[in-house]
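Hi there,

Here is the structure I promised to pass on. Have a look at it first, and my notes on its cavities and pockets follow below.

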Amino acid sequence: MNPSESLLESLRSRLLARPCKTLITTIAAEAEVDKMVFDALLSLMYNGEHPLPWRAAWALEKVAGQCPSLLLGERPRMKALAMRDDTPGGLLRLLLGILHHLPEEKDLDVAFFNFLLDKMLDLQTPPGAQALAMKMACRQSKSDNDLHKEFLSILHNMELEYYSSGVKSVVHNCQKAK
């Protein structure tokens with residue numbers, strides 16, 4: 001179902017107004033119960049001009065925390081958007097946050113797993129996105145004992161002095177969670 005232009009314009013103006021946690025939480029709650037609002041947020045996230053994708057993703061991350069099943073069908077598109085080279089760091093962090101809320105896939109997506117490894121090690125990736133990429137890669141690696149051992153080996157060989165304290169904390173938590 002395509003959202004109406006009036007709904008898109010209404011959401012666009014609300015998201016462009018001074019965003020705050022309360023506004024985003026309200027919009028997310030609306031999206032949880034109204035498919036048209038949900039579809040409008042998706043449309044703005046995929047097709048909007050900066051800063052609309054980031055703000056729509058912020059609301060959708062809240063939706064994912066409350067109703068992850070609503071976003072299951074969007075997983076392939078969200079992965080594709082996250083893996084694009086031109087996806088800004090803030091949007092990448094939100095996309096990874098959404099994907100992190102979703103139930104684990106039965107089969108390992110090797111391309112996406114490799115992407116997560118690249119992002120968690122890339123010092124140019126924002127620390128929040130690095131940490132989420134690492135958490136997701138850790139969770140996914142547990143599906144195979146040998147893969148998890150390799151993942152832990154990668155963590156062991158990281159030169160942690162170059163990473164933020166938040167990323168260092170995730171490294172230690174992943175190492176403890178064997």
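Predicted model: local features only at pLDDT ≥ 70, side-chain atom pairs only at ≥ 80, totals over all residues.

Two or more lining residues come from each of helix H3 (35-47), helix H4 (52-66) and helix H6 (89-101), and H3 has the largest share with three. The space in this pocket is about 240 Å³, and its lining divides into seven nonpolar, five polar and two charged residues.

The second largest pocket holds about 190 Å³ of space. It is lined by 15 residues, with Leu 92, Phe 115, Lys 119, Asp 122 and Thr 125 closest to its centre. H5, H6 and helix H7 (110-121) each give two or more residues to this lining, and H7 gives the most, three. Here the division is six nonpolar, four polar and five charged.

Searching the whole structure turned up one cavity of 30 Å³ or more, and the largest cavity contains about 60 Å³. Among the residues lining the largest cavity are Arg 75, Lys 79, Phe 112, Met 136, Arg 139 and Gln 140. Helix H5 (75-83) and helix H8 (127-141) are the elements that supply two or more residues to that lining, with the largest share, three residues, from H8. By type, the cavity lining has five nonpolar, one polar and five charged residues.

Happy to talk any of this through.

Best wishes

Conventions: Residues numbered from 1 in each chain as written. Heavy atoms only, no water. 1 Å grid on protein atoms, 1.4 Å probe; cavity = no way out; pocket = protein on both sides within 12 Å on 5 of 7 lines; lining within 4 Å. Points joined across faces, edges and corners; volume = space filled by probe spheres on them. Helix = DSSP H or I, 4+ residues; strand = E, 2+ residues; numbered from the N terminus. Nonpolar A, V, L, I, M, F, W, Y, C, P; charged D, E, K, R; others polar.
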